[in-house]
Amino acid sequence: MLALHLLQSALVHVNTLLVQQVLAEPAWTKKLSEEDRRGLTALFWSNVNPYGTFRLDMDKRLDLTVSAAVPRPRTPADTAARSATETR
């Protein structure tokens, strides 16, 4: 949860820098009223793509090897090792 809070804080910081850069231009000083300035916020998400960018190339085939696509079944040893690490 703290990592998500850090991510949100970083995004607000970057957005604040973007807004400050635009407002430093003299053309925007004349266009914005006091009401417009009060409505500005650094909590916008239009510049964020949380899902990443996926490039789709329809000329290539996917590499669907069995070892990469199908995980191996769990064994009782896996379960015991997992419970041992959770108790630490």
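## A tour from the cavity outward

Start with the lining of the largest cavity: by class it has 6 nonpolar, 1 polar and no charged residues. Here Ala, Val, Leu, Ile, Met, Phe, Trp, Tyr, Cys and Pro count as nonpolar, Asp, Glu, Lys and Arg as charged, and the others, Gly among them, as polar.

Before going on, note that this is a predicted model, where local features need pLDDT of at least 70, side-chain atom pairs count only at pLDDT 80 or more, and totals for chains, interfaces and linings use all residues. Residues are numbered from 1 along each chain as its sequence is written, and side-chain values use heavy atoms, with hydrogens and water left out.

**Select the lining.** Pick Leu-11, Val-12, Asn-15, Ala-42, Leu-43, Phe-44 and Trp-45. The largest cavity they line has a volume of about 30 Å³. The count is 1 cavity of 30 Å³ or more. A cavity is a set of points, on a 1 Å grid over the protein atoms alone, where a 1.4 Å probe fits but cannot get out; lining residues have an atom within 4 Å of a point. Grid points are joined across faces, edges and corners, and the volume is the space filled by probe spheres set on the points.

**Select α1, residues 2-23.** Its 22 residues should span 32 Å at 1.5 Å a residue, and the end C-alpha atoms are 31 Å apart, which agrees. The expected span is 1.5 Å times one less than the number of residues. Now color Leu-11, Asn-15 and Val-19, the buried residues of α1. They cover an arc of only 75° around the axis, which puts them on the same side of α1. The arc is that of the directions from the helix axis to the C-beta atoms. Turn to the other side: Leu-2, Ala-3, Leu-6 and Gln-21 are exposed there. Buried means under 20% relative accessible area, exposed over 50%, partly exposed in between (1.4 Å probe, protein chains only).

**Select Trp-45.** Find it in the loop between α3 (34-39) and α4 (66-69). Trp-45 counts as partly exposed, at 48% relative accessibility. Draw a C-alpha to C-alpha distance to Asn-15: 8.7 Å in space, 30 residues apart in sequence.

**Zoom out.** The protein chain has 5 helices and 0 strands. Helices (H or I, at least four residues) and strands (E, at least two) are DSSP runs, numbered from the N terminus. Of the 88 residues, 6% are buried.

Conventions:
On a 1 Å grid over the protein atoms alone, a cavity is a set of points where a 1.4 Å probe fits but cannot get out, and a pocket is an open set with protein on both sides within 12 Å along at least five of seven lines; lining residues have an atom within 4 Å of a point.
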